[in-house]
Amino acid sequence: MAWFLLVVAGLFEVGWAIGLKYTEGFTRLWPSLGTAAAMLVSLGLLGLAMKSLPVGTAYAVWVGVGAVGTVILGVLLFNEPMGALRLASVVLIVAGLVGLKLAS
């Protein structure tokens, strides 16, 4: 259950990272409130997952899921470039996440 909560926390991290783009420096009310809510949910779920997972593993997976998801959505929503080196880097992050799961 802790791993499930951790992945969901990472998905909410993606939500608030992308949400920051839409807040326009926290000048837009609804995107700012949604981003803040996603932050709270993400951190809350991370805290719950850390009750039974090692802190280093939990934090690294949380950041990794957030980073990979944010890169993917950046490409899809904001037309950010996805070159070979960037793709390889994302693959390495995913490999690291799988490695942390297997090591736990």
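Biologist: Why does threonine 23 count as buried?

Modeller: In this predicted model, threonine 23 has 1% relative accessibility. Buried means under 20%, so threonine 23 counts as buried.

Biologist: Where does threonine 23 lie, and what does threonine 23 touch?

Modeller: Threonine 23 lies in helix H1. Leaving out residues up to four places away in sequence, threonine 23 touches Arg28, Pro31, Ser32 and Thr35. Just after H1, glutamate 24 takes a positive phi of about 50°.

Biologist: What makes serine 42 buried?

Modeller: The relative accessible area of serine 42 is 0%. The cut-off for buried is under 20%, so serine 42 is buried. Serine 42 lies in helix H2 and touches Ala9, Phe12, Glu13, Trp16 and Trp62, again not counting residues up to four places away in sequence.

Biologist: Why are H1 and H2 called roughly antiparallel?

Modeller: Helix H1 (residues 2-23) and helix H2 (residues 29-49) pack at an angle of about 160°. Angles over 145 degrees count as roughly antiparallel, and H1 and H2 are therefore roughly antiparallel to each other. Their axes are 8 Å apart.

Biologist: What is the handedness of the crossing of H1 and H2, and which residue classes make up the contact?

Modeller: The crossing of H1 and H2 is left-handed. The contact of H1 with H2 has 17 nonpolar, six polar and one charged residues.

Biologist: Which residues of H1 are buried, and what covers them?

Modeller: The buried residues of H1 are Ala2, Trp3, Leu5, Leu6, Ala9, Gly10, Glu13, Val14, Trp16, Ile18, Gly19 and Thr23. Their cover includes H2, helix H3 (55-78) and helix H4 (84-103).

Biologist: How do you know that the reach of H1 is close to the expected value?

Modeller: H1 has 22 residues, and its first and last C-alpha atoms are 31 Å apart. At 1.5 Å a residue, 32 Å is expected, and the value for H1 is close to that.

Biologist: Which residues are buried in H3, and what do they pack against?

Modeller: Buried in H3 are Thr57, Ala58, Val61, Trp62, Gly64, Val65, Gly66, Val68, Gly69, Val71 and Gly74. The buried residues of H3 pack against H1, H2 and H4.

Conventions. Residues are numbered from 1 along each chain as its sequence is written. This is a predicted model: local features need pLDDT of at least 70, side-chain atom pairs count only at pLDDT 80 or more; totals for chains, interfaces and linings use all residues. Side-chain values use heavy atoms; hydrogens and water are left out. Axes are lines fitted to C-alpha atoms, for helices over the stretch in contact, and angles run from 0 to 180 degrees between N-to-C directions. Helices (H or I, at least four residues) and strands (E, at least two) are DSSP runs, numbered from the N terminus. Angles under 35 degrees count as roughly parallel, over 145 as roughly antiparallel, 65 to 115 as roughly perpendicular and the rest as oblique. A crossing is left-handed if the near helix is turned anticlockwise from the far one by less than a right angle, and right-handed if clockwise. Ala, Val, Leu, Ile, Met, Phe, Trp, Tyr, Cys and Pro count as nonpolar, Asp, Glu, Lys and Arg as charged, and the others, Gly among them, as polar. The expected span of a helix is 1.5 Å times one less than its number of residues. Buried means under 20% relative accessible area, exposed over 50%, partly exposed in between (1.4 Å probe, protein chains only). Contact means heavy atoms within 4.5 Å.
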